Amino acid sequence: MTIITWILLIFLVVCAVAVSFQKDLLHSVLIFMIYSVVMAVIWLILESPDLAITEAAVGAGITTVLFFVTLKKIQRISSDREEDEEIDE
């Protein structure tokens with residue numbers, strides 16, 4: 001394996017550990033998205049484009065959007081309008 005593959009694999013492990021220790025849910029979702037993108041690149045390096053496309057679409061795309069919607073629903077992400085109202089009060 002090339003040095004780039006090893007760097008990506010180490011970065012993958014770092015992302016997995018970082019998501020476990022992250023306390024902020026928004027940061028956890030962003031790290032998970034980065035993890036999925038790196039995993040898609042690794043699938044491309046391993047010459048499996050079908051898995052790479054699936055990982056990019058589902059892992060980094062749809063799942064991340066669903067996590068953001070969930071965070072918005074449980075009010076962990078506030079819109080600019082809500083922040084302005086809190087400041088005015």
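Modeller: Let us begin with accessibility: buried means under 20% relative accessible area, exposed over 50%, and partly exposed in between (1.4 Å probe, protein chains only). This is a predicted model, in which local features need pLDDT of at least 70, side-chain atom pairs count only at pLDDT 80 or more, and totals for chains, interfaces and linings use all residues. Residues are numbered from 1 along each chain as its sequence is written, and side-chain values use heavy atoms, with hydrogens and water left out.

Biologist: Why is Phe32 called partly exposed?

Modeller: The relative accessibility of Phe32 is 26%, so Phe32 counts as partly exposed. Phe67, at 37%, also counts as partly exposed.

Biologist: What makes Ser28 buried?

Modeller: Its relative accessibility is 14%, so Ser28 counts as buried. By contrast, Ile4 has a relative accessible area of 54% and is therefore exposed.

Biologist: Why is the pair of Phe32 and Phe67 called edge-to-face?

Modeller: Rings of Phe, Tyr and Trp (its six-membered ring) pair if their centres lie within 6.5 Å; planes under 30 degrees apart count as stacked, over 60 as edge-to-face and the rest as tilted. A search of the whole structure finds 1 aromatic pair. The ring centres of Phe32 and Phe67 are 5.6 Å apart and the planes stand at 75 degrees, so this pair is edge-to-face.

Biologist: Why does the pair tie together parts that are apart in sequence?

Modeller: Phe32 belongs to helix α2 (residues 25-45) and Phe67 to helix α3 (residues 49-73), so the pair joins parts 35 residues apart in sequence. Helices (H or I, at least four residues) and strands (E, at least two) are DSSP runs, numbered from the N terminus.
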